[in-house]
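Thanks, everyone. I have one structure to go through, and I will keep to a few residues.

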Amino acid sequence: MAVADYYPKISLAGVLGFDSLNSGRLFSASGFQPAAVAGLRWRLFDFGRVNAEVKQAQGANAQALVNYRQAVLRAAEDVENALASLSETQEYVAELQTQVQALTKARDLSQQAYRAGSITLTDVLDADRQLLFAQDQLDANRADVGRAAVLVFRAFGGGWQPPI
């Protein structure tokens, strides 16, 4: 918009009306009074200020572009971080599920061994403790998967409220 000040501005205005001293001749052809005005405005001797205004507008435009690029990069970073967190959490949950299955087998075998009299009760209780700890970790990490999925949803633009 500031570049437009380099060029002249032309304006045209017109008025149509009737004028007569006698009311009988008011709407006749001799009473018709058209008028037209033309105007020219040009900042011919003010090009230094116009140049400064153009450079200021270009600088503001460049700053807006930089801000936009930073916002896009931050949004892309948020999406990438959320997806990476979701993927890592899901992989860890899969590992914990395998560990819980293995500890369940180990606990069952230790109970059989205890019934057979080959190990003590403390060994069975230790196997139960390890299994419960692994199940607790599995449940906590399943909740983390849900939180990570919500972060992915938000990073992709979901969950926002329009300004009031």
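Predicted model: local features only at pLDDT ≥ 70, side-chain atom pairs only at ≥ 80, totals over all residues.

Residues are numbered from 1 along each chain as its sequence is written, and side-chain values use heavy atoms, with hydrogens and water left out.

Start with Ser110, in helix α1, residues 47-116. Helices here are DSSP runs of H or I, at least four residues, and strands are runs of E, at least two, numbered from the N terminus. Is Ser110 buried or exposed? Ser110 is buried, because its relative accessibility is 9%; buried means under 20%, exposed over 50%, and partly exposed in between, with a 1.4 Å probe and protein chains only. Its side chain reaches the backbone oxygen of Arg107 at 2.7 Å. Beyond four places in sequence, Ser110 touches Ile119, Val124 and Ala127, where contact means heavy atoms within 4.5 Å.

Next, Gln33, which sits in strand β2, residues 32-41. Gln33 counts as partly exposed because its relative accessibility is 41%. Which residues does Gln33 contact, leaving aside neighbours within four places in sequence? They are Val15, Leu16, Gly17, Phe18 and Asp19. For Phe18, 15 residues away along the chain, the C-alpha separation from Gln33 is 5.4 Å.

Last, Phe27. Phe27 lies in the loop between β1 (9-18) and β2, and with a relative accessible area of 66% it is exposed.

Conventions:
Polar contact = N/O pair within 3.5 Å; in protein donor to acceptor, adjacent residues only side chain to side chain.
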